[in-house]
Amino acid sequence: KSQLTGSRVKEIQNAMNDAMKPLVEIKKSIIKIFKDTLKQSTIDNTKGYVSGAPPSAQFSILIIFILAFLMLLCGCGVEGAFLGMQKNKAREKRNVNDPENRSNPHNYHVPAAACCTWNCLFFLAVLAFLFGGLFVLVTVPLSGICLIMDDLNGNTLSDVATLAKLDLSGSGADIKKIFDKCFVDVESNNNLLDIVTIKESNGSTTTVKDKLVTQSESKMSAAFQKITEALGKNPSGQLLTNPILTDLTAYLKTVSLKQTITVATNLKSDAAYSAMFGVTSGNAAGLGERGQTTTLSCASFTVSGSPEVPGIARGNNNFLDMLKKLGTEDAASAVSCAKKVTCNAGATSNPCNAGNALMGLKDALLAPKKVFNCPLFEDDAGANCDPGTSTACLRKDGTVKRKDIACDLDEYSIYVAAHPQRITETIKNLDSQVTAGLDNINTQLRNLTETTLLAPIRDVANGVTCGFFGKFYREVVESICFQGVYGFRIIGWSYVSTGFITIAFIAMMFAVWRRTVDNYDEWEGWDRAKNGASPSVQIL
């Protein structure tokens, strides 16, 4: 598993990202094409057009017919009153029997009702002609639009675009194909993704389905191929023979641990040792620099390709020989080879004391004291587990538990000397785990991608048909044109017819009003004339 790190895991990630890019582009393209169509407001408006006018609109259309019906009832009542209540029979009989106390036998309410009726009918006729004419006028251009909608196809769309000076190049070509294959050819139930095209970065065009399915599958396959190639760069068993790993194990086998332990800080900046660097002349010149480069090795040594490293007390250019030039060796000062000297008095005493301090530090490390840590693992039973000799250091819960063990320098050297064996056994176990994981990566992951990603994509792509567009569009045309516009035109002519009928009714009500009001006024004039003048008009 550790092989899938660094640049190789980056290659795998980049390959998977490249394979997913077509899906992201398709998502953006589909959203761009259909976002306006799928708005909730657009859907609600379309539903309203298809389902018909709301009750409030229907009542508004019927208002004139309701008023006309009310006026008809009122007119019928006036006509009935004219026929049955024009004269008061009892009053007329009393006028004959008692001429001195006569009164007008004509009913004044009949002409008043007739006058009110024909005036109201006049305004009703104006409304009927106004709205009727407006409705009929509006249906003329709407009928032309409906003819275009009923015969709408790619060629018709091009003609309309030419007249409107619209550019249908680019995405407009897709719109024409959508009309031809989705709105006209309803029975074929064509796939929408085979019609809509998108522009590639190189300028070429491809269908959405090709981009979504074909290219996605090819890029996904390429991604898995890259995974295989990335894993193949270090197949099972080759990590153990990797030059870096073999060099490391060889170095650990040949080098002494004491030769690798150096001073971690800059002695020149440390007050306890900085005086060593003050010796710049004489036999002890460079004392500080030599002390800085020494390790815990008593003897001087060389590493292939590197200059000789001075030892503490033995070999060429060792530190003790230079320090003795500032004093006399004190053999009893240390149990190790890091012996101190009895410093000479004078100007070199401070550098000498600093050199003794460094020797004291090295002697403390070389002494048999458990100042180092030789950690191992602890198994489930609590026992020490060395990965160089056991493969059961992994606990049942899949974790490892580190156990710190104090050790001295000699024990630590033995511990480090066993590292090549630990590294070799661990890498062998890792190689076997990688071999087992290759099947999961190359087979199970591929199958999982096929069943959970590619197969659903194909199903979705094959299911995006557009035959329902045409059926829905035909229903819209049927509702708006053959029902809505036609009904609107019928309503308009009905209003106009209502206006003409109202005019006839106005004439009749005007005649009734004129007859009744004249009779009433004539009787009043005759009555006045009888008292002083003869009537000028005969009572009808």
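**View 1. Asn317 in the loop between helices H10 and H11.** In this predicted model, Asn317 sits in the loop that runs between helix H10 (287-293) and helix H11 (319-323).

**View 2. The disulfide of Cys298 and Cys337.** Staying with the loop between H10 and H11, we find Cys298 there. Cys298 is joined to Cys337 by a disulfide, S to S 1.9 Å. The link is left-handed, with -85° about the S-S bond. Cys337 comes from the loop between strand S3 (327-330) and strand S4 (340-343), so the pair ties together parts that are 39 residues apart in sequence. Buried or exposed? Cys298 and Cys337 are both buried.

**View 3. The open sheet S7-S6-S8.** Here three strands make up an open sheet, ordered S7-S6-S8, with antiparallel pairing. Strand S7 (384-385) and strand S8 (401-403) are at the edges; each has a single partner strand, so one side of each has no neighbour in the sheet. How many bridges link S6 and S8? Strand S6 (residues 376-378) pairs with S8 in the antiparallel sense over three bridges.

**View 4. The disulfide of Cys374 and Cys407.** A disulfide connects Cys374 with Cys407, and the S to S distance is 1.9 Å. This link is right-handed, with 85° about the S-S bond. Where do the two ends sit? Cys374 is in the loop between strand S5 (372-373) and S6, while Cys407 belongs to strand S9 (residues 406-407), so the pair ties together parts that are 33 residues apart in sequence. Cys374 is buried, and Cys407 is too.

**View 5. The disulfide of Cys146 and Cys481.** The structure holds five disulfides, and one of them is formed by Cys146 and Cys481, with sulfur atoms 2.1 Å apart. It's a left-handed link, with -90° about the S-S bond. Cys146 lies in helix H5 and Cys481 in helix H15 (residues 467-532), so this pair ties together parts that are 335 residues apart in sequence. Cys146 has a relative accessible area of 10% and is therefore buried. Cys481 is at 6% relative accessibility, so it counts as buried as well.

**View 6. Ala125 and its contacts.** Another residue to look at in helix H5 (residues 109-150) is Ala125. Which residues does Ala125 touch? Not counting residues up to four places away in sequence, they are Gly499, Thr502 and Ile506. Ala125 and Thr502 are 377 residues apart along the chain, yet their C-alpha atoms are separated by 5.7 Å. With 5% relative accessibility, Ala125 is classed as buried, because that is under the 20% cut-off.

**View 7. Thr449 in helix H14.** Last stop: Thr449, which is part of helix H14 (residues 419-463). Its contacts, leaving aside neighbours within four places in sequence, are Met220, Phe224 and Leu454. Thr449 has a relative accessibility of 8%, so Thr449 counts as buried.

View 8. Cys115 has a relative accessible area of 24%, which makes it partly exposed. Cys120 is partly exposed too, with a relative accessible area of 33%.

Notes:
Residues numbered from 1 in each chain as written. Predicted model: local features only at pLDDT ≥ 70, side-chain atom pairs only at ≥ 80, totals over all residues. Heavy atoms only, no water. Helix = DSSP H or I, 4+ residues; strand = E, 2+ residues; numbered from the N terminus. Buried < 20%, exposed > 50% of the residue type's maximum accessible area, 1.4 Å probe, protein only. Contact = heavy atoms within 4.5 Å. Pairing = 2+ DSSP bridges. Disulfide = S-S within 2.5 Å.
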